[in-house]
Amino acid sequence: SLCVKQPIGKELFQQFCWAQPDLQNYMTLLKDLVGQTGTRMQPNVTFLLKCKKFKLRKELHRFLSQEPFNKYQDSMFFDRFLQWKKLERSKLFRQYRLLGKGGFGEVWACQVRATGMMYACKKLDKGHVKRRRGENLALNEKQLLEEVDSRFVVNLAYSYETKRTLCMVLTMMSGGDLKFHIYNMGQRGLDRNRVCFYAAEVCCGLTHLHEKLIAYRDLKPENILLDDKGHIRISDLGLAVKLSEGRLVRGHVGTLGYMAPEVINGHKYGLCVDWWGLGCLIYEMTAGKPPFKGRKENVMRQELELRITKEQETYDEKFDEEVKSICTLLNKNPKERLGCSGSGGRDVKSHPFFQEINFRMLEAGLIEAPFTPDPRHVYCSDVQDIDEFSTVRGVVHTDKDDQFYKQFNTGSVPLSWQNEMMETGCFKELNGEKRTALKEGGTER
Ligand code: ADP
Ligand code: MG
Ligand code: MG
């Protein structure tokens, strides 16, 4: 984690190695290995060769983690790393406009003073959390967020507490949610190429969560947010659950109208429920209405659940053959549903509906979004119209609450924070002058 995963740690450790004459050969080798097995596929690299290189990298890693790592800890590079870690602990935010409102509190735009980086700060009111016994929910969301690291899922950068709130500082998504884009932008529904693009990105987000055995369980347009470039991320992991290896869960969890039949029926279920969710999402983006209910139709819970478990959804002329075919994600039987064959989503990604998507490029962030939000436009209903979040009175905090707050109040998430330092150029700037002095065979990146 210190020398490979954490971006600043990695940079400083490599700078240290380059500065050691006896390690330069190893570093050149490492550079070659990484260069060749990186993002670009080389068709002439055989599987066997790849294995050899993988083994070589592991050997190299082991070597560097022994004496060189010990020496590193006595070096000024490591001192500097510790200074960065100290800075990582400090948290100073400036607060801007209200972005939205959730079950336990508000979400505000905020900015890190030191770097200028913008984030969304989700504030949970301690009183509301306690009154509605949301402690486990809140902690669950925070801990799952800490675990994910994907460009298609909202990331957690910091978490801390104030006297009255618990705060999660998240990736800023300023382009509004998909619900707004489907219904409030003039025409109802989205163009085919946008449907395909968003579905593909959600698909990548889901596979990331599923690799970590996290069932998301709440896929719906409202929870898919756009950033300023028009890329989407899955947000709101409040209902997500971590499955233990191979296990299934039970639980009537999700949003009415989007829950999979097996959830409604009270059966045990696993990751498959999210592929149903993706089906609902693709359907709704295309049709401009959810699959089992008219746009403004008021349906009783029982009736809606009956339709989901028993009735066949209908497709109008907006659906071409391929969209209709990908909507077999809405197969009521999870065993026959697309995505649920145990291939980790590969069968979904290779469906003809996605034939124009290059998933490797998409995952590397190399594909431009089909629609870029206008930075002057606010993509949500007027938040000022929504009532102030009322404060809860008469809630007494106890030692047990303090225990919970402590678990929550863990400060910066190293990966996110160090990426911020790199991306905003702060690292270069502060590390700069000493860096040139030490450059001797240094890294050019
Ligand atoms: P809850 O779990 O209480 O429903 P959400 O996480 O859904 O809370 O957040 C509530 C609202 O705040 C969202 O509907 C959205 O409008 C806004 N919001 C949440 N996260 C972000 C974010 N990362 N960037 C921008 N706005 C956000
Ligand atoms: Mg929400
Ligand atoms: Mg939530």
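**Figure 1. Lysine 122, a position listed by UniProt as a binding site.** In an unreviewed entry, UniProt gives Lys122 the feature "binding site"; UniProt positions are in the numbering used here, feature names are shortened, and annotations may be inferred rather than shown by experiment. This is a predicted model, in which local features need pLDDT of at least 70, side-chain atom pairs count only at pLDDT 80 or more, and totals for chains, interfaces and linings use all residues. Residues are numbered from 1 along each chain as its sequence is written, while chains are lettered from A and ligands numbered from 1 in the order in which they are written. Lysine 122 is part of strand 3, residues 118–125. Helices (H or I, at least four residues) and strands (E, at least two) are DSSP runs, numbered from the N terminus. Lysine 122 counts as buried because it has 29 C-beta neighbours inside 10 Å. A residue is buried if 20 or more other C-beta atoms lie within 10 Å of its own, exposed if 12 or fewer, and partly exposed in between, with C-beta atoms placed from the backbone. Apart from neighbours within four places in sequence, lysine 122 is in contact with Gly102, Val107, Cys167, Met168 and Leu170; two residues are in contact if their C-beta atoms, placed from the backbone, lie within 7 Å.

**Figure 2. Aspartate 218, a position listed by UniProt as an active site.** The feature "active site" at Asp218 comes from an unreviewed UniProt entry. Aspartate 218 sits in the loop between strand 6 (214–215) and strand 7 (224–226). With 22 other C-beta atoms within 10 Å, aspartate 218 is buried. If residues up to four places away in sequence are not counted, aspartate 218 touches Asn223, Asp236, Leu239, Gly254 and Thr255.

**Figure 3. Aspartate 236 and arginine 133, two residues with positive phi.** Most residues other than glycine have a negative phi. Aspartate 236, however, has a phi near 60°, and arginine 133 has a phi near 50°. Aspartate 236 is in the loop between strand 8 (232–234) and strand 9 (241–242), and arginine 133 is in the loop between helix 6 (126–131) and helix 7 (135–147). Aspartate 236 counts as buried, with 21 C-beta neighbours inside 10 Å, whereas arginine 133 is exposed, with 8 other C-beta atoms within 10 Å.

**Figure 4. The contact of helix 1 with helix 5.** Two packed helices are described by the angle between their axes and the distance between the axes. Here helix 1 (residues 7–18) and helix 5 (residues 76–89) have axes that come within 9 Å and cross at roughly 165°. Helix 1 is therefore roughly antiparallel to helix 5. Axes are lines fitted to C-alpha atoms, for helices over the stretch in contact, and angles run from 0 to 180 degrees between N-to-C directions. Angles under 35 degrees count as roughly parallel, over 145 as roughly antiparallel, 65 to 115 as roughly perpendicular and the rest as oblique. The crossing of helix 1 and helix 5 is right-handed; a crossing is left-handed if the near helix is turned anticlockwise from the far one by less than a right angle, and right-handed if clockwise. Helix 1 contributes Ile8, Gly9, Leu12, Gln15 and Phe16 to the contact, and helix 5 contributes Phe77, Arg80, Phe81 and Trp84. Of the residues in this contact, 6 are nonpolar, 2 polar and 1 charged. Ala, Val, Leu, Ile, Met, Phe, Trp, Tyr, Cys and Pro count as nonpolar, Asp, Glu, Lys and Arg as charged, and the others, Gly among them, as polar.

**Figure 5. The contact of helix 7 with helix 16.** The axes of helix 7 and helix 16 (residues 399–408) cross at roughly 15° and come within 10 Å. The two helices, helix 7 and helix 16, are therefore roughly parallel to each other. Their crossing is left-handed. On helix 7 the residues are Glu135, Ala138, Leu139 and Lys142, which meet Phe404, Gln407 and Phe408 of helix 16. The contact of helix 7 with helix 16 has 4 nonpolar, 1 polar and 2 charged residues.

**Figure 6. Leucine 362 in helix 15.** Helix 15 covers residues 359–363. Leucine 362 counts as buried, with 20 C-beta neighbours inside 10 Å. Not counting residues up to four places away in sequence, leucine 362 touches Ala200, Glu201, Cys204, Ile357 and Ile367.
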